[in-house]
Amino acid sequence: MSVKDKVWLWFHRMASPAYFYNLAGQLLPWSIVATTTLMLIGLIGGLVFAPADYQQGDGFRIIYVHVPSAWMSMFVYMVMAVNSAIFLIWHIKLSDIVARSSAVIGASFTFLALITGSIWGKPMWGTWWVWDARLTSELLLLFLYLGYIGLRSAIDDRRVAGKAGSILALVGAINIPIIHYSVVWWNTLHQSASVSKFDNPSIELNMLIPLLSMALAFKLFYLCILLINSRSELLEQEKRSQWVKELVTSS
Amino acid sequence: MGKRTGDFIMIEFLKMGGYAAYVWSSYGIVAVVLLLNSISSWRRYRSLLRRLKRLHGENNNDT
């Protein structure tokens, strides 16, 4: 068997509903443990061990929830957009399930990025909100998520809803590079990136480690939600199938 | 370290150098939103399992 065949076999097994359902169930407990551990490390590191910022004092500690939320708001959207593309091109149902299962948690992260940013902005910038490029494009992202959720729930036919949602998610993906580069392209109030300059990050290590820990914890939290939601979606879509029948009657 | 020093450190920690309202409300909102997401996802999954159990249980009685 060639490598290509093996990859295809793996792909098809992964996309088989019963197989994915079981795999998700096995991964879930580990993801929950990892999420909790990393979140605890991030919280203690960020709130206790990280030194106060020389300009912002303890107010900078909002970074440990704000930045991971903002990163996740874009990451989840990219997962949605990529899966929407896969669904539109190859009609893989599992991809539609992943996209659909990500919408609410993605909107939640976007909401959190906006609200914690607003709370952070008040003492530091002296205002809750400004219509600058970074904030406006992030608000647009929230509307894209809400539009996606609304559009899908407005269409009864699952196939049509999947297709319409996928197209919306793909078109909206243009906004992601705009959010990312907004602080470079436009002169904004929002500060530019301090972590992603990996060769020379402008942030101290005992401030950085809790941040990375929280970022990973948020990513794993998303994985937990994704695993639970896609299991629910699979059960719902396959409720008449033999494997679901065996699953619910055996337990 | 006496009890008083311990209390002092705790109070200083909660004060967050004067930013208590901003820091704690941010963390609080994040905690609530993430918790609501977990609870709603989990409840949906459990209720779906129960519903399908009833569905297939009834089918079995019919045949």
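Me: In which loop is the place of B:Met16?

Reply: This is a predicted model, in which local features need pLDDT of at least 70 and side-chain atom pairs count only at pLDDT 80 or more, whereas totals for chains, interfaces and linings use all residues. Residues are numbered from 1 along each chain as its sequence is written, while chains are lettered from A and ligands numbered from 1 in the order in which they are written. B:Met16 is not a glycine, yet it has a positive phi of about 50°. With helices (H or I, at least four residues) and strands (E, at least two) taken as DSSP runs numbered from the N terminus, the place of B:Met16 is in the loop between α1 (3–15) and α2 of chain B.

Me: How many other C-beta atoms lie within 10 Å of B:Met16?

Reply: A residue is buried if 20 or more other C-beta atoms, placed from the backbone, lie within 10 Å of its own, exposed if 12 or fewer, and partly exposed in between. B:Met16 is partly exposed, because the number of other C-beta atoms within 10 Å is 19.

Me: On which residue is the kink in α4(A) centred?

Reply: Helix α4 (residues 93–125) of chain A reaches 46 Å from its first C-alpha to its last, close to the 48 Å expected at 1.5 Å a residue, where the expected span is 1.5 Å times one less than the number of residues. Of its 33 residues, 24 are buried. The bend, taken as the angle between axes fitted to the seven residues ending at a residue and the seven starting there, is about 40° and is centred on A:Ala103.

Me: What arc around the axis do the buried residues of α6(A) cover?

Reply: In α6(A), A:Gly162, A:Gly165, A:Ser166, A:Ala169 and A:Gly172 are buried. The face turned away from them carries the exposed residues A:Arg159, A:Val160 and A:Val171.
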